[in-house]
There are 2 protein chains.
Amino acid sequence: MKNGPDIAALASLIGDPARANILAALMGGKALTAGECAAEAGISAPAASGHLAKLLGAGLLVVLVQGRHRYFNLAGPDVAEAVETLMGLAARVGLRRTRPGPREVAMRKARFCYDHLAGDAATALFARLVDRGMLVAQADGLGLSPSGRLRFLAEGIDIAALEARPRALCRACLDWSERRPHLAGSLGAAIARLAIERGWCRREAASRAVHFSPDGERALLALADSATDETRDPDRQGADRSNNPARRA
Amino acid sequence: MKNGPDIAALASLIGDPARANILAALMGGKALTAGECAAEAGISAPAASGHLAKLLGAGLLVVLVQGRHRYFNLAGPDVAEAVETLMGLAARVGLRRTRPGPREVAMRKARFCYDHLAGDAATALFARLVDRGMLVAQADGLGLSPSGRLRFLAEGIDIAALEARPRALCRACLDWSERRPHLAGSLGAAIARLAIERGWCRREAASRAVHFSPDGERALLALADSATDETRDPDRQGADRSNNPARRA
DNA sequence: GCAATGCTTCATTCTTCGCCGAAACATCAG
DNA sequence: CTGATGTTTCGGCGAAGAATGAAGCATTGC
């Protein structure tokens with residue numbers, strides 16, 4: 001096997017504990033300065049600087065220079081996806097860093113996966129969107145049906161603008177904690193922004209974890225209610241909690 | 001970030017060139033002896049033995065002892081998926097092991113991805129299955145529509161038996177060369193077995209690459225033709241052989 | 001301008017980890 | 001039983017690379 005991409009160089013890059021910690025911290029989707037990365041990884045500033053330079057050189061990170069600060073972020077959704085996949089496999093083969101604590105319980109419920117939502121709430125939304133026929137399979141992956149398009153337009157999301165970007169509109173991202181898909185892609189990112197802007201949830205300080213209010217969670221799931229239902233009868237959101245579409249295969 | 005799975009230990013395990021080569025070789029889906037792994041990775045037998053022990057201990061590999069031979073294989077589809085994801089990211093950020101040669105061209109056309117087909121031909125089949133409405137989105141990922149179910153039953157694939165297994169029936173696996181999805185899951189594996197058994201393609205000796213005959217490629221894509229079109233063809237004897245539940249080679 | 005902050009570069013030390021050869025162990029053929 | 005083959009264990013060598021501390025560059029605020 002001397003063909004194919006150099007998986008070893010990539011994995012070796014991620015394989016250093018310090019660099020893995022940095023990547024995990026950046027999975028929250030927020031850009032961090034070099035110093036913050038150092039603190040997050042528990043290493044000195046010079047060490048962090050070296051690691052960041054390597055990750056940057058490999059194209060896994062991008063940097064935004066602002067004055068004397070350098071803000072680092074993941075280079076793109078595909079990097080986040082690879083990290084999330086590795087987390088899923090690591091969890092499955094039983095490689096944990098600590099035993100599951102209260103922090104992890106919150107993360108399983110809802111968290112950021114780079115720029116979109118993951119966890120129990122996000123997989124529930126995905127399931128509902130599919131059940132209502134808003135999310136459908138397409139030749140190149142996943143797509144929005146006309147009704148789904150209408151629904152998100154009604155919510156003020158400019159679908160056409162999202163489609164104009166090179167990034168895919170919808171993608172199924174396998175949740176490492178739930179082992180079911182949640183919605184990624186530019187639409188998934190737009191939904192996450194929506195949830196934050198409307199106060200459905202609040203982010204933990206320096207963590208991927210996200211806390212939804214009961215109303216916020218209902219509002220999130222109500223995104224899967226058809227546009228006509230939504231405008232006609234807003235109270236219907238509460239009743240919908242009963243028919244949970246999550247069915248284990 | 002002191003929570004979550006230990007991604008560093010996993011990536012560091014994959015990050016060694018020798019181990020990465022072993023994993024890449026096993027992506028062909030065929031079990032290899034320790035000696036074959038050593039040759040594949042270009043290292044001595046003792047070195048390979050050590051690496052295999054580590055991969056085995058981490059749960060990434062399984063071993064089947066037969067006499068004085070020990071046959072190693074990937075532990076499951078999720079390991080293969082993680083490796084494929086890493087390959088995709090490595091290819092995208094420009095980490096290649098060699099410049100694209102003739103061997104790689106063949107691999108882009110069609111290859112094995114653990115136990116199912118990948119490459120240009122497989123992504124084309126996926127797109128057709130979706131276009132014809134046989135493959136649809138489901139709450140837990142991807143599923144077979146009634147028409148799709150009928151179609152593969154007509155081909156002699158025992159869908160009910162596949163669904164009884166813990167493994168998902170259909171999964172979209174992102175192709176690292178095409179950057180479009182191909183069909184994984186137990187159905188994807190069944191289709192790959194079908195293609196081999198009916199002689200639509202032949203495997204290269206010690207490679208993931210697969211060569212389709214022109215007729216074979218047509219036959220593969222014809223899996224996406226509706227069942228009524230297909231049943232006109234009386235030449236259907238080989239169908240029963242595909243019921244073989246034996247999974248390991 | 002001066003000091004402080006954020007970050008990087010450099011040179012050094014040190015640990016880690018993979019490789020190899022030799023030998024031991026297990027299995028199969030005769 | 002004996003020799004041959006496949007595989008693992010052990011000891012020593014060597015190199016890749018990660019952390020450290022000091023120093024150098026930039027930017028910000030007084």
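Predicted model: local features only at pLDDT ≥ 70, side-chain atom pairs only at ≥ 80, totals over all residues.

Trainee: Fine. What rotation superposes chain B on chain A?
Mentor: A rotation of 180 degrees, with 0.0 Å of shift along its axis, superposes chain B on chain A, and the RMSD is 0.1 Å. That is the relation of a two-fold axis.

Trainee: And how much of the contact surface of chain B recurs in chain A?
Mentor: 100% of the contact residues of chain B recur in chain A, so the same surface serves both copies.

Trainee: Over to the DNA. Which residues are closest to DNA strand D?
Mentor: A:His51, A:Lys54, B:Ser49, B:Arg68 and B:Arg70 are the closest of the 18 residues that surround DNA strand D.

Trainee: Which element gives the largest share of the surface near DNA strand D?
Mentor: α4(A) does, with four residues. At least two residues each come from α4 (45-57) of chain A and from α3 (34-41), α4 (45-57) and β3 of chain B.

Trainee: Now the other strand. How many residues are around DNA strand C?
Mentor: There are 20 residues around DNA strand C, and A:Ser49, A:Arg70, B:Arg19, B:His51 and B:Lys54 come nearest. Of the atoms of DNA strand C within 4 Å of the protein, 80% belong to sugar or phosphate and the rest to bases.

Trainee: Which residue has a backbone N or O atom 2.9 Å from a phosphate oxygen of DNA strand C?
Mentor: That is A:Gly35. A:Ala34 also places a backbone N or O atom 3.3 Å from a phosphate oxygen of DNA strand C.

Trainee: What about a base? Which side chain has an N or O atom 3.0 Å from a base oxygen of DNA strand C?
Mentor: The side chain of A:Arg68 does.

Trainee: And which element gives the most to that surface near DNA strand C?
Mentor: α4(B) gives the most, with four residues. The elements that each supply at least two residues are α3 (34-41), α4 and β3 (69-74) of chain A, together with α2 (17-26) and α4 of chain B.

Trainee: Changing topic. What is the strand order in the open sheet of chain B?
Mentor: The order of its three strands is β1-β3-β2, with antiparallel pairing. β1 (32-33) and β2 (61-66) of chain B are at the edges with a single partner strand each, so one side of each has no neighbour in the sheet.

Trainee: Over how many bridges do β1(B) and β3 pair?
Mentor: They pair over two bridges, in the antiparallel sense. B:Thr33 stands opposite B:Tyr71 in β3(B).

Trainee: Last topic, salt bridges. How many are there over all chains?
Mentor: A search of the whole structure finds 28. One of them joins the side chains of B:Arg111 and B:Glu84, at 3.2 Å from N to O.

Trainee: Why does that pair tie together parts that are apart in sequence?
Mentor: Because B:Arg111 lies in strand β4 (residues 111-113) and B:Glu84 in helix α5 (residues 77-92) of chain B, parts that are 27 residues apart in sequence.

Trainee: Is B:Arg111 buried or exposed?
Mentor: B:Arg111 is buried, at a relative accessible area of 0%. B:Glu84 also counts as buried, at 1% relative accessibility.

Trainee: Which residue meets B:Arg198 in a salt bridge?
Mentor: B:Glu155 does, at 2.5 Å from N to O. B:Arg198 is in the loop between α10 (185-197) and β10 (201-203) of chain B and B:Glu155 in the loop between α8 and α9, so this pair ties together parts 43 residues apart in sequence. B:Arg198 is partly exposed at 21% relative accessible area, whereas B:Glu155 is buried at 2%.

Methods:
Residues numbered from 1 in each chain as written. Chains lettered and ligands numbered in written order. Heavy atoms only, no water. Salt bridge = Lys/Arg side-chain N within 4 Å of Asp/Glu carboxyl O. Buried < 20%, exposed > 50% of the residue type's maximum accessible area, 1.4 Å probe, protein only. Pairing = 2+ DSSP bridges. Least-squares fit on C-alpha atoms with pLDDT ≥ 70 in both. Contact = heavy atoms within 4.5 Å. Near = heavy atom within 4 Å. Polar contact = N/O pair within 3.5 Å; in protein donor to acceptor, adjacent residues only side chain to side chain.
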